[in-house]
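Biologist: I want to learn how to read a structure like this. Please take me through some features.

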Amino acid sequence: MRVYFDASVIIASLLSPTGGSSRLFKYVKDNKLIGITSQTALDEVFEKTEKIKKSKIEIETFIAKSGLLVRKHIALKEIEPYKDLIDVEDAHLIAGAALTKSTHLVSLDKKHLLREDIKKIFLPLNIVSPKELLEQIIV
């Protein structure tokens, strides 16, 4: 299972080492999931260093130890096919998941990504919350 991680899940894991998002990283470290993100998503994490009370070095260390594969920045031309289908701020996530041939996109964004209408548009990509993904893994 190839899973593309949204910045929200990475941030949640940094904030709560025992939460569902952190549990996903354990599956990545144990090679039970292939975890992928992009430098574009990581830039969102780095923008929130004050909110999450972690330094850039602490975040970089977390990413380095997480087992995540990090793709280069998502280019504007790669986002173009998706920008009219989803909030423009989130189009890079759909593009990144597609470009990395991910089967799942994991996010905590209920407003823009975890809506049924959005999920249907991007099938066969499975857009899920950490809880939903954990339920799929455990079954």
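Biologist: Is Lys-119 buried or exposed?

Modeller: A word on the source: this is a predicted model, where local features need pLDDT of at least 70, side-chain atom pairs count only at pLDDT 80 or more, and totals for chains, interfaces and linings use all residues. Residues are numbered from 1 along each chain as its sequence is written, and side-chain values use heavy atoms, leaving out hydrogens and water. Buried means under 20% relative accessible area, exposed over 50%, partly exposed in between (1.4 Å probe, protein chains only). Lys-119 has 12%, so Lys-119 is buried.

Biologist: Which residues does Lys-119 touch?

Modeller: Contact means heavy atoms within 4.5 Å. Not counting residues up to four places away in sequence, Lys-119 touches Leu-113, Leu-114, Leu-125, Ile-127 and Glu-132.

Biologist: What is the strand order of the sheet?

Modeller: Strands of a sheet pair through backbone hydrogen bonds, either parallel or antiparallel. Strands here are DSSP runs of E, at least two residues; helices are runs of H or I, at least four; both are numbered from the N terminus. Two strands pair if DSSP finds at least two bridges between them. This open sheet of 5 strands runs β3-β2-β1-β4-β5, with parallel pairing. Its edge strands are β3 (69–71) and β5 (126–128).

Biologist: How do α2 and α5 pack?

Modeller: Two packed helices are described by the angle between their axes and the distance between the axes. For α2 (residues 20–29) and α5 (residues 56–66), the angle is about 50° and the axes are 9 Å apart. Phe-25, Val-28 and Lys-29 in α2 meet Phe-62, Lys-65 and Ser-66 in α5.

Conventions:
Axes are lines fitted to C-alpha atoms, for helices over the stretch in contact, and angles run from 0 to 180 degrees between N-to-C directions.
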